[in-house]
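The stops below are meant to be selected one after another.

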Amino acid sequence: MDKTLKIGDLVKCNYDFMGFYEFFEGPETNVYPPFYGIVVSSRLVHDWFGYETLYEVLCTDGYTRSFCIWEIEVVESIA
């Protein structure tokens with residue numbers, strides 16, 4: 001799955017491990033509503049798993065959050 005995001009893309013994001021730290025029982029994996037926003041920047045970071053790209057997303061509630069590529073779904077891409 002190789003997708004590229006551009007600055008200005010409208011995206012829908014869900015944190016992948018947020019539900020892992022909660023005590024919910026049942027088959028639901030995403031119990032939190034998604035964040036919608038615009039990609040404003042990206043940066044290469046080094047963590048325990050090597051290097052990966054984090055995307056900064058300006059969400060519709062006014063906060064800027066960081067997401068990994070697998071937590072992002074493109075809603076509308078700029079040309």
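The tour goes from confidence to the sheet, then to a hairpin, the cysteines and one lysine.

**Before selecting anything**

This is a predicted model, in which local features need pLDDT of at least 70, side-chain atom pairs count only at pLDDT 80 or more, and totals for chains, interfaces and linings use all residues. Residues are numbered from 1 along each chain as its sequence is written, and side-chain values use heavy atoms, with hydrogens and water left out.

**Colour by pLDDT**

pLDDT is the predictor's confidence in each residue, from 0 to 100. The protein averages 82, and 76% of the residues score at least 70. Where pLDDT is low, the predicted coordinates should not be read in detail.

**Select the strands**

Strands are DSSP runs (E, at least two residues), numbered from the N terminus.

Leu10 stands opposite Ile38 in S2.

**Move to the hairpin**

S3 and S4 (residues 64–68) run antiparallel and share 5 bridges. Leu54 faces Cys68 in S4. The two strands form a hairpin with 4 residues between them, and Gly62 in the turn has a positive phi of about 95°.

**Select the cysteines**

How many disulfides does the structure hold? There are 0, a disulfide being a pair of cysteine sulfur atoms within 2.5 Å. For Cys13, the nearest cysteine sulfur is that of Cys59, 6.2 Å away. Cys13 is buried, with a relative accessible area of 0%, and Cys59 is buried at 5% (buried is under 20%, exposed over 50%, partly exposed in between, with a 1.4 Å probe and protein chains only).

**Finish at Lys6**

Lys6 lies in the segment before S1 and is partly exposed, at 35% relative accessible area. Leaving out residues up to four places away in sequence, Lys6 touches Val39, Ser77 and Ile78; contact means heavy atoms within 4.5 Å. Lys6 and Val74 are 68 residues apart in sequence and 9.9 Å apart in space, C-alpha to C-alpha.

Terms used. Pairing = 2+ DSSP bridges.
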